[in-house]
Amino acid sequence: MIISVPMKEHIITWVLGLAEKYRKQHPELREGQALFNAAYQIDPIAADELRGSNVDCFYNDKLIPDFLDALRGKKEYVK
């Protein structure tokens with residue numbers, strides 16, 4: 001499946017910046033948690049599409065590149 005409305009690159013940049021801000025405010029958050037939370041804050045529908053999928057980085061930081069590619073609409077994901 002491809003995300004229904006891929007994020008434009010400037011939105012991805014916004015997500016990354018917000019995730020960095022979250023990590024500074026809450027250092028206990030892992031990078032994947034902060035990134036997923038930032039994506040949800042900016043586009044909850046897109047984040048919900050990826051929640052629990054094979055690219056969900058909330059529980060696995062190694063999936064961050066795949067998560068970002070899925071948000072860009074450049075990687076398929078499986079629920």
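Reader: Hi! Is the crossing of H1 and H4 left-handed or right-handed?
Author: Hello! The crossing of H1 and H4 is right-handed. A crossing is called right-handed if the near helix is turned clockwise from the far one by less than a right angle, and left-handed if anticlockwise. Helices here are DSSP runs of H or I with at least four residues, numbered from the N terminus. Keep in mind that this is a predicted model, where local features need pLDDT of at least 70 and side-chain atom pairs count only at pLDDT 80 or more, while totals for chains, interfaces and linings use all residues. Residues are numbered from 1 along each chain as its sequence is written, and side-chain values use heavy atoms, with hydrogens and water left out.

Reader: OK, and at what angle do H1 and H4 pack?
Author: About 140 degrees, and their axes are 10 Å apart. Axes are lines fitted to C-alpha atoms, for helices over the stretch in contact, and angles run from 0 to 180 degrees between N-to-C directions.

Reader: Which residues make the contact?
Author: Glu9, Ile12 and Leu16 come from H1, and Leu68, Leu71 and Arg72 from H4. Contact means heavy atoms within 4.5 Å.

Reader: Is glutamate 9 buried, exposed or partly exposed?
Author: Glutamate 9 counts as partly exposed because its relative accessibility is 41%. The cut-offs are under 20% relative accessible area for buried and over 50% for exposed, with partly exposed in between (1.4 Å probe, protein chains only).

Reader: What does the side chain of glutamate 9 make a polar contact with?
Author: The side chain of arginine 72, at 2.9 Å. A polar contact is a pair of N or O atoms within 3.5 Å; within protein, one must be able to donate a hydrogen and the other to accept it, and residues adjacent in sequence count only if both atoms are side-chain atoms.

Reader: New topic! How many residues has the largest nonpolar core?
Author: It has 26 residues, and Met7, Val15 and Phe67 are among those with the most contacts inside it. Helices H1 (9-25), H2 (31-42), H3 (44-50) and H4 (64-72) each supply at least two residues of this core. Such a core is a set of buried Ala, Val, Leu, Ile, Met, Phe, Trp, Tyr and Cys residues joined through side-chain atoms within 4.5 Å.

Reader: What does methionine 7 touch?
Author: Not counting residues up to four places away in sequence, methionine 7 touches Ile12, Val15, Ala39, Asp43, Ala46, Leu71 and Arg72.

Reader: Last one: where is serine 53?
Author: Serine 53 is in the loop between H3 and H4, and is buried, with a relative accessible area of 10%.
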